[in-house]
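Subject: Structure for you to look at

Hello,

Below is the structure I said I would pass on. Please have it open while you read the notes that follow.

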Amino acid sequence: MTRMYDPPHPGTLLEDYLGDVSLAEAARRLGVTRATLSRIRHGHAAVTADMAIRLSLLFNTSAELWLGMQNAYDLWTEQQRPRPEIAPLARAS
């Protein structure tokens with residue numbers, strides 16, 4: 001299994017895509033509050049399927065780009081947490 005190492009939260013990509021556009025203007029165009037977009041930008045909120053579609057329309061990207069980054073970030077983050085010992089189920093032949 002290939003392991004990822006500390007993938008970025010998709011909010012970090014927002015800065016690159018925004019360019020000179022303010023967070024407030026982007027939020028207005030997305031139909032969300034500035035606070036909502038700011039939480040995503042700073043990694044305090046996840047990109048949902050709805051937000052991924054909105055971002056894809058705003059930046060002319062794919063929703064899969066945003067959801068893929070969120071998924072990679074979430075999986076890596078969860079893999080860092082301790083888990084109980086789990087014995088795999090035996091497969092029937």
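How many helices and how many strands does the chain have? There are five helices and zero strands, where helices (H or I, at least four residues) and strands (E, at least two) are DSSP runs numbered from the N terminus. In sequence order the pattern reads α-α-α-α-α.

Two notes on how to read the values. This is a predicted model, in which local features need pLDDT of at least 70 and side-chain atom pairs count only at pLDDT 80 or more, while totals for chains, interfaces and linings use all residues. Residues are numbered from 1 along each chain as its sequence is written, and side-chain values use heavy atoms, with hydrogens and water left out.

Overall shape

The C-alpha trace spans about 55 × 25 × 20 Å along its principal axes. The radius of gyration of the chain is 17 Å, whereas a compact globule of 93 residues would have one near 12 Å. This radius is taken over C-alpha atoms, and the globule rule is 2.2 Å times the number of residues to the power 0.38. Of the 93 residues, 29% are buried; buried means under 20% relative accessible area, exposed means over 50%, and partly exposed lies in between (1.4 Å probe, protein chains only).

The core

In soluble globular proteins, nonpolar side chains tend to be buried together. Here the largest nonpolar core has 17 residues. Such a core is a set of buried Ala, Val, Leu, Ile, Met, Phe, Trp, Tyr and Cys residues joined through side-chain atoms within 4.5 Å. Leu14, Leu37, Val47, Met51, Leu55, Phe59 and Trp66 have the most contacts inside it. At least two residues of this core come from each of α1 (11-18), α2 (23-30), α3 (34-41), α4 (49-59) and α5 (63-79).

Which residues does Trp66 touch, not counting those up to four places away in sequence? They include Pro10, Leu13, Leu14, Tyr17, Val47, Ala52 and Phe59, with contact meaning heavy atoms within 4.5 Å.

Aromatic rings

A search of the whole structure finds three aromatic pairs. Rings of Phe, Tyr and Trp (its six-membered ring) pair if their centres lie within 6.5 Å; planes under 30 degrees apart count as stacked, over 60 as edge-to-face and the rest as tilted. The pair of Tyr17 and Phe59 is tilted, because the ring planes are at 45°, with the centres 5.2 Å apart. Tyr17 sits in helix α1 and Phe59 in helix α4, 42 residues apart, so this pair links distant parts of the chain. Tyr17 is partly exposed at 34% relative accessibility, while Phe59 is buried at 15%. Together with Trp66, these two residues form one aromatic cluster.

Salt bridges

The count of salt bridges is six, each being a side-chain nitrogen of Lys or Arg within 4 Å of a carboxyl oxygen of Asp or Glu. Glu25 takes part in one with Arg28 (2.7 Å, N to O) and in another with Arg29, where the closest N and O atoms are 2.6 Å apart. Arg28 lies three residues from Glu25 in helix α2, about one turn of the helix. Arg28 is exposed, at 56% relative accessibility, and Glu25 is partly exposed, at 23%. Arg29 is exposed as well, at 57%. Salt bridges with shared partners join Glu25, Arg28 and Arg29 into one network.

Regards
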